[in-house]
Amino acid sequence: MESRETIIEARAVEKHFVQPDGHRIQVIAPTDLAVYSGQIVALLGASGSGKSTMLRLLTGLTSPSAGEVLWRGRPFNGQIPNVSIVFQSFALFPWLTVLENVEAPLQARGTPAIECHRRALKILDTVGLDGFEAAYPKELSGGMKQRVGFARALVVEPELLFMDEPFSALDVLTAENLRHELLELWLSKKMSTRAIFFVTHNIEEAMLLADRIIVLDRNPARIRADFEVNLAHPRNRQAERFVELMDYIYKVLTQPKLEHALPSPETKTAAEGEPTPGKYPMLPHARPGGIAGLLEILLDRDGKDDLYHLADELVMEVDDLLPIVEAAVLLNFARLQEGDVQVTPEGRSFVEADILTRKVLFREAALRHALLLRQIERALRARSGHKLPDDFFRDILDEHFSDEEARRQLETAIHWGRYAEIFDYDANRKQLFLTETVERDQT
Amino acid sequence: MTKPILGRTIFHERTWPILVEILIFGAGLAFFYGLLVIAETWGGPFSPAAPISRSPQALPAYAANSLLRVLIAYLLSLLFTLVYGYIAAYNAKAERIMIPLLDILQSIPVLSFLPGVMLAMVALFPHSQLGVELGSILLIFTGQVWNMTFSLYASLKSIPQELREAARVYRFNWWQRFIQLELPYAAIGLVWNSMMSVAGGWFFLMACEMFVLGERDFRLPGLGSYLQTAASAGDTTAILWGLGAMIGIIVLLDLLLWRPVIAWVEKFKLEQVESASVPRSTVLNFLRRSMIVANLKRKVFRPLGDRANRYFERSIDRPNLPLGSPIWRVWAERALTVTLAAAIGYGLVRSGTMMAGLNRSEIAEIVSGAAMTLMRVMVALFIGAAWTIPAGVAIGFSPRLARVAQPLAQIAASVPATALFPVVLLVLVQAGGGLAIGSIVLMLLGTQWYILFNVIAGAMAIPTDLKEAASISRLRTVDRWRLLILPGIFPYLITGLVTAAGGAWNASIVAEYFHFKGQTLMTTGLGATISHATDKGNFDLLLAATIVMSTMVVTINRLVWRRLYRLAETRFKLEA
């Protein structure tokens, strides 16, 4: 093993956003992170977990609210070090040709025109875009645009290559192709880059590329796991160790508040897992229809299936599946055990009931287990007229979540409230109001 | 490319490009020669009230003069825009003052700047014609610059975050960022606003080339003066010649300047996929194929750009100073704020004393004038909307109709209404009407096109599936308008109405007060008060009337238009 050199080190970095009323929302909890040379590191987390913010902290694009980020032991001092970023939506300048886009970083460093030209042509050849120099980005497909993104990133021979969800805007086959080519470049040592750091929400992508995986919890962002993947390339998705690690990651992601042991003595760090006391529970962003659908599928398989297997069969991303699983677990319609999802008796009754009874069961479960819905229902009931403006609840949520997240929480709560016929929302008056319930026979 | 074999085609292949070169070279020569001639007259002795001939032979010279004035004013506007818009977009503290200031400046009619600008320029160049010319150019400038500045500011603030981050991470220096990111992103908005600005220049040309300031008579050789002189004398033939010349210049400008620029600026469109129909321009194609232009690019512009780049690149290697601005900067900011406050205070005190000198009848004139002009603006907007909404929707919904109607509307819109006004007045005076109605007609003529074009755009933007849903539900016409069409075009309609309202207020200064056939037609109105006060040299009245107009426009902006915009952005936005 070559000696590891620390290229970037983040010490106790935090990031807050201050809201107009002075309230601070913490996006990243005090975190230590180091990037060593010779590794591909993946930062894995669900959407909104602050991973893009973390990436920008490490590159120097944003500065931390507290703590410091050191580049080879020295603070940034406002300068950007020799790094490159590949962006999720390519970030190509639409009015420059492919060649001009790739030459731009070289021009920025004062390289003479002939040299710019030569190096740009060479790197375009390496990424396979030879012949497309005079094309404009709008004439290219998504995969080709990202190749230009890579060419532009690599033409300056950066010490560290950062990637912000580089393949999520591409279709599955193109993403697979590009991943393959990136790995080839890295393994054949054709790049002078010392390390690659990328951010993704795709667990499989992290497993396929990375030598080291860091898993982030969200709200606020906190490292839940940081371990090395010592599997040789090309990696086999069916290999036992691969599956083992995937399961482990799923567990960490679905139950971030508990400690999980890495299935092997080679654990880097398993961060402390005491759940923050009095933490306001987040409503998972899933629709009642989605929850019902998941439970129906599970019942088809005898009420129980492996999460990884399920996601694979449904060709779904973790991002889309996890919230539905979380919601089902929250409502006590399902249970998570060792990476397996299992339907509970309550869940079974829910699935087997007719439409109206489903609403009743959902209503009971929601009122019992979802704090936000309980709060809304109580508040509306207590008010004469049974009406309250949405800002009332938005203020409560603002205490615990960022603006954007508070809005989403309320949206999801309204969905659930409407389905369960607990309350409804008048968009014109911006008010929530209690639904008149017709007494139904409780079967 | 294979060379054709037939003799004839080879002949064509070779001479065609040469023809282009000759044309371009010739145009360049003519342009420089014209500049020299004009520069000679402008640098000549001070003759502010040159006699204006009404014969058509004088027209080419007059046209050239006016064209040059409008273009120089435009270039000045562009420079101002780049500096002001840039600072306002990037300096948060400055922004807080600069943008409201821009709002206020936009609401001040062109004539109100007249005394200050002219007196200053003539004082600077007392013995040369240059002072008067500069004054006229600056006046035209005040009618052109504000909307361009707003456009640049809005564009700079809406640059996508990722493009900015890419520029930062790849260490673009200030110049490279400007040339490769900011300017291209703002290009399309700037081009359309430039077209609007130059059109505004033509609109106010008459007022800016020939005017009375107190006891002084200013008459500059140009199309505007020609038209005004002809109108004053009631000389119909001259009026028509002048109108023809103006339309001719506008059409030429459109063909040689705007069409190629619009076609070129397509490449700055922020779209991911090429759109089906792209504007084309023959002139642009010629220019692209020309060797002269290509050589200019390679030998002159690119090395200049490289050199500029390298100069600015050196300036970013210095690491940023640690947190906390240097002492001198803090003190400079403080000094600036104090000076500004002092200047504003002084201005307020002076204006106060000036206005205190107003007598009862003048105050009454202002108040009644304000009410009348406000009413006229509203009537003009109403009438304009009443015909442009149905017409615009009809055109927007039918591509066949659009193909015919849009070019017609564009030609009609590009004729400056002030040039048409004498003809309109001739008809009105025959019919026995006065300026009370006539002013509304002029406001309409000048501003209805804004509403029309926006409504057409809005109607085109309504998605086909909404229209299909409406027809399947067999909605009655009333319901179709109520539920689909009016809500659909609402955001565009508001934009059109705001622009039209601003134009109407501005137009009031020429609409309510006009020299025609030896007499001065005027009607009660704020615009008339302003023009009249300028003519008579009553600066106190001018200042007071301007303040009232400006306050009204800004207040209506905040109370009415802003609310409607917010409604348009939330409830009536078409995307999810």
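At what angle do helix 14 (residues 360-397) of chain B and helix 20 (residues 526-536) of chain B pack, and how far apart are their axes? The angle is about 130°, and the axes are 7 Å apart. Axes here are lines fitted to C-alpha atoms, for helices over the stretch in contact, and angles run from 0 to 180 degrees between N-to-C directions. Helix 14 of chain B is therefore oblique to helix 20 of chain B. Angles under 35 degrees count as roughly parallel, over 145 as roughly antiparallel, 65 to 115 as roughly perpendicular, and the rest as oblique. Helices (H or I, at least four residues) and strands (E, at least two) are DSSP runs, numbered from the N terminus.

The model is predicted: local features need pLDDT of at least 70, side-chain atom pairs count only at pLDDT 80 or more, and totals for chains, interfaces and linings use all residues. Residues are numbered from 1 along each chain as its sequence is written, and chains are lettered from A and ligands numbered from 1 in the order in which they are written.

The model scores ipTM 0.72 and pTM 0.73. Confidence per residue is given as pLDDT, the predictor's own value from 0 to 100. Chain A has a mean pLDDT of 85, with 93% of its residues at 70 or more. For chain B the mean is 80, and 91% of its residues reach 70 or more. In chain B, pLDDT is below 50 over residues 1-14, a stretch with four contacts in the model beyond near neighbours in sequence. Residues 317-324 of chain B are also below 50, with six such contacts. In chain A, pLDDT stays under 50 over residues 265-277, for which the model has 19 contacts beyond four places in sequence. Residues 438-443 of chain A also stay under 50, with three contacts beyond four places in sequence. Two residues are in contact if their C-beta atoms, placed from the backbone, lie within 7 Å.

The contact of helix 14 with helix 20 in chain B can be listed by residue. Glu365(B), Ile366(B), Gly369(B), Ala370(B) and Thr373(B) in helix 14 meet Leu526(B), Gly527(B), Ala528(B) and Thr529(B) in helix 20. These residues divide into four nonpolar, four polar and one charged. Ala, Val, Leu, Ile, Met, Phe, Trp, Tyr, Cys and Pro count as nonpolar, Asp, Glu, Lys and Arg as charged, and the others, Gly among them, as polar.

The axes of helix 4 (residues 110-124) and helix 5 (residues 129-157) of chain B come within 8 Å and cross at roughly 150°. The two helices are therefore roughly antiparallel to each other. Their crossing is right-handed; a crossing is left-handed if the near helix is turned anticlockwise from the far one by less than a right angle, and right-handed if clockwise. On the helix 4 side, the contact includes Phe113(B), Val117(B) and Met121(B). On the helix 5 side, Gly131(B), Gly135(B) and Leu138(B) are among the residues met. The contact has 12 nonpolar, four polar and no charged residues.

Domain bounds come from an automatic or database domain assignment. Chain B has domain 1 (15-315) and domain 2 (357-576). Their C-alpha centres lie 25 Å apart. In this pair, 32 residues of domain 1 are in contact with 30 residues of domain 2. Helix 10 of chain B gives the largest share of the domain 1 side, seven residues. That side divides into 22 nonpolar, seven polar and three charged residues.

Chain A is divided into domain 1 (6-82 + 158-254), domain 2 (285-352) and domain 3 (369-443). The C-alpha centres of domain 1 and domain 2 of chain A lie 28 Å apart. Their contact takes 12 residues from domain 1 and 10 residues from domain 2. Helix 7 (residues 240-254) of chain A gives the most to the domain 1 side, with seven residues. By class, that side has six nonpolar, four polar and two charged residues.

Between the chains, 26 residues of chain A are in contact with 27 residues of chain B. Helix 2 of chain A gives the most to the chain A side, with four residues. That side divides into 15 nonpolar, eight polar and three charged residues.

Two backbone features occur in loops of chain A. The peptide bond from His233(A) to Pro234(A) is cis, with omega near -5°. Pro234(A) is in the loop between strand 10 (222-228) and helix 7 of chain A. Phe90(A), a residue other than glycine, has a positive phi near 70°. Phe90(A) lies in the loop between strand 6 and helix 2 of chain A.
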